[in-house]
Amino acid sequence: MDVACLSVLVEAASAGSLASAARRLGISPLMATRRLAALEADVGARLMQRTTRSLALTPEGEALLPFAQAILENEAAARASVRPSTAGASGLLRLTASAAFGRKVVTPVVADFLKANPQVSVDLLLTDTQVDIVGQGIDLAIRIAPLKDSTLIARRLAPNPRTLYATPSYLEEHGTPHTVADLARHQCLTLTGTTHWSFTGNTRSNRIRVQARFSANSIEGLREICRAGLGIAILSDWDVREEVARGDLVPITLADGELEPLEIWAVHPSSRFVPPKVRLFTEALAKALR
């Protein structure tokens, strides 16, 4: 079976359309259609049901898919095994990260990575919504959150210190909280759907219900409202380093509790083979975070 044809099947199953598969592979939709048709002729079975709006694997396609994925992995591993160790990475690297972290931390690393690896191209998806990296064909996701999906491979890159922040004007008007309980009397800026903040330490109650006049699904939104002096927000230290240096935001330390720590993770789909582009970028990001 032709590897190029198998790649169309794998990408189309992941993306949900031949047009998306073609974009991922850097070929025309017509070429993707022809390759899929050639694969179906080769195996003697229809592998996908195609309409103008949807695409779905047939039972035969479902049966062939894991073998096609394994063949592509082995082919990539074989090529990598004979490439010089100094050759660097190549191909399209699909990344995803949260908007703020992607803009402030990941994008500069991407720029240096592209300069160091001329054979690589990068597609970076910045979103504060957790992405199905398998379903969307993502090679690597950078996540700052507890990990729940055990089918993914994760590497811890660095700790992600978080702190309570507010403006000097807000603290002058409302006072500075000194204990976890004090937060109940303050305007707390939260992520959408958050009703409690959790702390670790000597306090008996490590969760406190917070009342929010403002919530957002984006950390960037919280940061800007916090900078406007409208409340207290939980923000990552890397996100507000410049604001703290200028005195625009002030870190708040509580006597009886600290925010539960988070970690920065590099996550990729479970696989026997990690492509050089993924391994090398992960190492570059880990170095930058150190």
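## Strand E5 and its partners

E5 and E15 pair in the antiparallel sense, with four bridges between them; two strands count as paired if DSSP finds at least two bridges between them. In this pairing, isoleucine 144 sits opposite isoleucine 264 in E15. E5 also pairs with E3, this time in the parallel sense and over three bridges, and there threonine 96 faces alanine 141 in E5. Helices (H or I, at least four residues) and strands (E, at least two) are DSSP runs, numbered from the N terminus.

Before going on, keep in mind that this is a predicted model, where local features need pLDDT of at least 70, side-chain atom pairs count only at pLDDT 80 or more, and totals for chains, interfaces and linings use all residues. Residues are numbered from 1 along each chain as its sequence is written, and side-chain values use heavy atoms, with hydrogens and water left out.

E5 is largely enclosed by the rest of the structure, because four of its five residues are buried. Buried here means under 20% relative accessible area, exposed means over 50%, and partly exposed is in between (1.4 Å probe, protein chains only).

## The sheet around E5

Zoom out and you'll find an open sheet of five strands, in the order E4-E3-E5-E15-E6, with mixed pairing. Strand E4 (120-126) and strand E6 (152-160) are the edges, each pairing on one side only. On average, neighbouring strands here are turned by 20 degrees against each other, direction ignored.

Helix H5 (residues 99-116) packs on this sheet and touches E3, E4, strand E5 (140-144) and strand E15 (262-269), and its direction makes about 175 degrees with that of E4. Contact means heavy atoms within 4.5 Å; axes are lines fitted to C-alpha atoms, for helices over the stretch in contact, and angles run from 0 to 180 degrees between N-to-C directions. Strand E3 (residues 91-97) pairs with E4 in the parallel sense over seven bridges, and arginine 94 stands opposite aspartate 123 in E4.

Between H5 and E4 comes a loop that holds proline 118. That proline 118 is exposed, at a relative accessible area of 65%.

## A second sheet

Another open sheet has five strands in the order E11-E8-E12-E7-E13, again with mixed pairing. Its edge strands are strand E11 (215-216) and strand E13 (250-252), each pairing on one side only. E8 and E12 run parallel, joined by two bridges, with leucine 189 opposite alanine 233 in E12.

H7 lies across strand E7 (162-166), E8, E11 and E12, at about 170 degrees to E8. The loop from H7 to E12 includes alanine 228, which is exposed with a relative accessible area of 53%. The C-alpha atoms of alanine 228 and threonine 167 are separated by 7.6 Å, though these residues are 61 apart along the chain.

## The second largest pocket

There's about 1,100 Å³ of space in the second largest pocket. A pocket, on a 1 Å grid over the protein atoms alone, is an open set of points where a 1.4 Å probe fits, with protein on both sides within 12 Å along at least five of seven lines; lining residues have an atom within 4 Å of a point. Its lining has 38 residues, with Ile144, Ala145, Leu191, Ile219 and Leu262 nearest the centre. E5 gives the largest share of that lining, four residues.

Methods
Points joined across faces, edges and corners; volume = space filled by probe spheres on them.
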